[in-house]
Amino acid sequence: MMAAKEREALRDEISALCKRLILSQRAVELCAQEATPRQEEFLHRVLSEEVENRERSRRTRLMNRAGFPVYKTLEGYERHGVKLASLEWSDLTDALFVRAKRNLVLYGPVGTGKTHLATALGVRACELGMAVRFFTVADLVMRLSEAKKAGTLERLSKDISRADLLILDEWGYVVDREGSQLLFRVIADSYESRSLVITTNLEFSKWGSVFTDDQMAAAMIDRLAHHGHLLLFEGESYRMKHALMKQR
């Protein structure tokens, strides 16, 4: 026989589930008036499974919309070559940096795991119910330029603005002045509004040559650094280390 306190606790959980499902509290009232303990337990199970199903569907939608090139996770990631100056790994694995709207610049040689980690952080954010967008810089600049010509730039910008986390991979792609201005707008619009994760093998002092404008590059760095953290990647390229050609 279920104790009165247990039934009260169960009704509190049913009430919370109704709120999450955007339902009225009428089910809780009926439980108190008419339901047997077993009926309340069954209702709790039905509501719980509906919440879990909706959350699974939402995570799937978030993953599909993110645009990840491949599926990567943090499980088994070799992090010994990554230096965190002012962060704990829990800030990354629990997506705390996203909640705080902090930026990450992942800097290091080619093949040291920057894109893998950036993708895995994005996947983790999706699992936690956050909206993510993943672009290579080359692809984003092309999309922005095409959208400007087609008159749909505002629509694309609005879609990007819905993201909690924006990942820009392969930062260092040389862009023309118009592309630089479009990219700067994305960075400026993201400032204190969402988290940015940037992967690059280009030191800050060379950003001006990439964006054809030292002042624009300095303005980008200023916005990224204000609420940002630098992650340094060291070691040999993973791809070269495991290359079949090298083995032969």
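Is Glu 50 buried, partly exposed or exposed? Select Glu 50 to start: with a relative accessible area of 32%, Glu 50 is partly exposed. Here buried means under 20% relative accessible area, exposed means over 50%, and partly exposed lies in between, computed with a 1.4 Å probe on protein chains only.

The model is predicted: local features need pLDDT of at least 70 and side-chain atom pairs count only at pLDDT 80 or more, while totals for chains, interfaces and linings use all residues. Residues are numbered from 1 along each chain as its sequence is written, and side-chain values use heavy atoms, with hydrogens and water left out.

Arg 54 forms a salt bridge with Glu 50, with 2.9 Å between the closest N and O atoms. A salt bridge is a side-chain nitrogen of Lys or Arg within 4 Å of a carboxyl oxygen of Asp or Glu. Both residues lie in helix H3, four residues apart, which is about one turn of the helix. Helices (H or I, at least four residues) and strands (E, at least two) are DSSP runs, numbered from the N terminus. Arg 54 is partly exposed, at a relative accessible area of 42%.

Next select Glu 40 and Arg 7. Their side chains meet in a salt bridge of 2.8 Å, N to O. Glu 40 belongs to helix H3 (residues 37-66) and Arg 7 to helix H1 (residues 4-20), so this pair ties together parts that are 33 residues apart in sequence. Glu 40 is buried, with a relative accessible area of 0%, and Arg 7 also counts as buried, at 16%.

**Two cysteines**

Select Cys 18 and Cys 31. A disulfide is a pair of cysteine sulfur atoms within 2.5 Å, and by this rule the structure has zero disulfides. Cys 18 is in no disulfide, the nearest cysteine sulfur being that of Cys 31, 8.1 Å away. From the side of Cys 31, the closest cysteine sulfur is in Cys 18, and 8.1 Å is too far for a bond. Cys 18 is buried at 1% relative accessibility, and Cys 31 is buried at 4%.

**The sheet**

Six of them form an open sheet of mixed pairing, in the order E1-E6-E2-E5-E4-E3. Strand E1 (82-84) and strand E3 (132-136) are at the edges with a single partner strand each, so one side of each has no neighbour in the sheet. On average, neighbouring strands of this sheet are turned by 15° against each other, direction ignored. Two strands pair if DSSP finds at least two bridges between them.

Inside the sheet, select strand E4 (residues 165-171) and strand E5 (residues 195-200), which pair in the parallel sense over five bridges. Leu 168 has Ile 198 in E5 as its bridge partner.

H11 lies across strand E2 (103-107), E4, E5 and strand E6 (228-233), and runs at about 95° to E6. Axes are lines fitted to C-alpha atoms, for helices over the stretch in contact, and angles run from 0 to 180 degrees between N-to-C directions.

Select Lys 83 and Glu 234. They form a salt bridge, with the closest N and O atoms 3.3 Å apart. Lys 83 is in strand E1 and Glu 234 in the loop between E6 and helix H12 (238-241), so to speak distant parts of the chain, 151 residues apart. Lys 83 counts as partly exposed at 45% relative accessibility, and Glu 234 as partly exposed at 43%. For a network, select Arg 65, Arg 133, Asp 159 and Arg 162, which are joined by salt bridges that share partners. The structure holds 15 salt bridges.

**Helices H7 and H9**

Select helix H7 (residues 137-150) and helix H9 (residues 177-190). They pack at an angle of about 100°, their axes 9 Å apart. That makes H7 roughly perpendicular to H9; angles under 35 degrees count as roughly parallel, over 145 as roughly antiparallel, 65 to 115 as roughly perpendicular and the rest as oblique. Among the residues that meet are Leu 140, Val 141 and Leu 144 in H7, and Leu 182, Leu 183 and Val 186 in H9. Contact means heavy atoms within 4.5 Å.

**Last stop: Thr 119**

Select Thr 119, which lies in helix H6 (residues 114-127). Thr 119 is buried, at 0% relative accessibility. Leaving aside neighbours within four places in sequence, Thr 119 is in contact with Phe 68, Val 70, Lys 72 and Phe 134. Of these, Val 70 is found in the loop between H3 and E1 and is partly exposed, with a relative accessible area of 45%.
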